[in-house]
Amino acid sequence: MGALDSGNTAWILTSASLVFLMTPGVAFFYGGMVRAKAVLNMLMLEAAALSVTMIIWTLWGWSIAYAGSDIGGIFGDPASGFLLKDSMVAQDGVFTTTGLNSNNYPVSVDVAFQVAFAMITVGLICGAIAERVKYSTWMIFVALWITFDYAPMAHMVWNGGLLSADGAISKAIGAAAHDFAGGTVVHINAAVAALIIVLIIGKRKGFGTQPFRPHNVPFVMLGAFLLWFGWFGFNAGSAFAANGTAGYAWVSTSAATAAAMLSWGFTEKIRSGHYTAMGAASGMVAGLVGITPAADVVSPLWAIVLGAIVGILTCLACGLKFKLGYDDSLDVVGVHGVGGFTGTLLIGFFGEGTGLLAGGDWKQLVVQLVIALVAILYSAVITAIIAFALEKTIGWRVTEAQEVGGIDLADQGERAYDFAGTASSVLKEVK
């Protein structure tokens, strides 16, 4: 262990802040997509994702994911790192780091970086359940899901557990599983959880029979731009150092995202005759999702190809909910599920030196498929238990009358826009 590396410290702390920004970015992205009567509730769900996750991570989430001793390759001991006690000590009344990690930056910086990942992951789920769930139930869900789903999944993939490059699955197949920044832990995990909750709580009133138009497309575009910006911390920060890998992850992330935005737009143009702003925003996010697990191992050419493939597939996948009858309000499954699965799998084709088309053999493809399927299964089972228990106890949904009248007024007691006040002001001025 060497001396403090101030460059790495500054970069990872900056990356943590960029990743933190992604959850407010998602809030605007999703908030613009919902109807005006539900935008405050969406912003509040994202605020809970930030706040509840921070508390759980400080208490035992960090310990389960990274600090506690390994238990069966599935999770870490929640007690050994409780309240970050392995990472910090009281000194002169202030909590300061006791040591450095392998990249010579303080462990507290790593805590900050990893909790921001947990926040955005659970925050992604909100989009599928928009306009109909109670804030109180959501807060409880976040606490339980971070504890029993996200933290163990992070341990399995990024802390030497079952789904890691050193895990039992990789050893059995003879190829190292690869998930650079969260194809399994973040995107597949969140999308599967979203689908399970949607199937348990049911559809919004009017789903399939009336249009649910976004109330503020500029909000959506703002959210997408913030996400692209925040993703530089998400992917480039996952190099865990201020180095060439971080620089290349920035480049590959943007190349794939640009390709996905364009391919989504071309797909829309063929289908509907328009390049829509909603499509551009969704294509950006799809590309960001797809490149996440592969940002450090695909060449510039394959990054562009990966992004283009993901853009087309996710655009087409978002229409499946109407054919299959599940009400994923804002296409979490179509964008994050399909995008995350595709990006994870395409490492088996495009991974430099290991993928089928980039110098490797079939084993990389097999291990990528297996870890994706295991992540799907784990997320589905754990989320189903949590979501079903909440449904049968305190319940997920507001009443039908409250949903129709507007969940903002029912759950938050507020309106996002004072339409009545505006109209009254205009009438007074006319008089």
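At the start of H1, which backbone nitrogen does a side-chain oxygen of Asp-5 reach? It's that of Gly-7, and the oxygen comes to within 3.0 Å of it. Bear in mind as you look around that this is a predicted model.

From there, follow the helix itself. H1 runs over residues 6-33, so to speak 28 residues of helix. From its first C-alpha to its last, H1 reaches 41 Å, close to the 40 Å expected at 1.5 Å a residue.

Now stop at Asn-8, which sits in H1. Is Asn-8 buried or exposed? With a relative accessible area of 9%, Asn-8 counts as buried, because the cut-off for that label is under 20%. Leaving out residues up to four places away in sequence, Asn-8 touches Asn-103, Tyr-105, Ala-241 and Ala-242.

Next, turn to a pair of helices, H7 (residues 217-236) and H9 (residues 277-291). As for handedness, H7 passes H9 in a left-handed crossing. If you want to pick out the contact on screen, the residues on the H7 side include Val-217, Val-220, Met-221, Phe-225, Trp-228 and Trp-231. Across from them, H9 contributes residues including Ala-277, Met-278, Ala-281, Met-284, Val-285 and Leu-288.

Key
Residues numbered from 1 in each chain as written. Predicted model: local features only at pLDDT ≥ 70, side-chain atom pairs only at ≥ 80, totals over all residues. Heavy atoms only, no water. Helix = DSSP H or I, 4+ residues; strand = E, 2+ residues; numbered from the N terminus. Expected span 1.5 Å × (residues − 1). Polar contact = N/O pair within 3.5 Å; in protein donor to acceptor, adjacent residues only side chain to side chain. Buried < 20%, exposed > 50% of the residue type's maximum accessible area, 1.4 Å probe, protein only. Contact = heavy atoms within 4.5 Å. Axes fitted to C-alpha atoms, helices over the stretch in contact; angles between N-to-C directions. Left-handed = near helix turned anticlockwise from the far one by under 90°.
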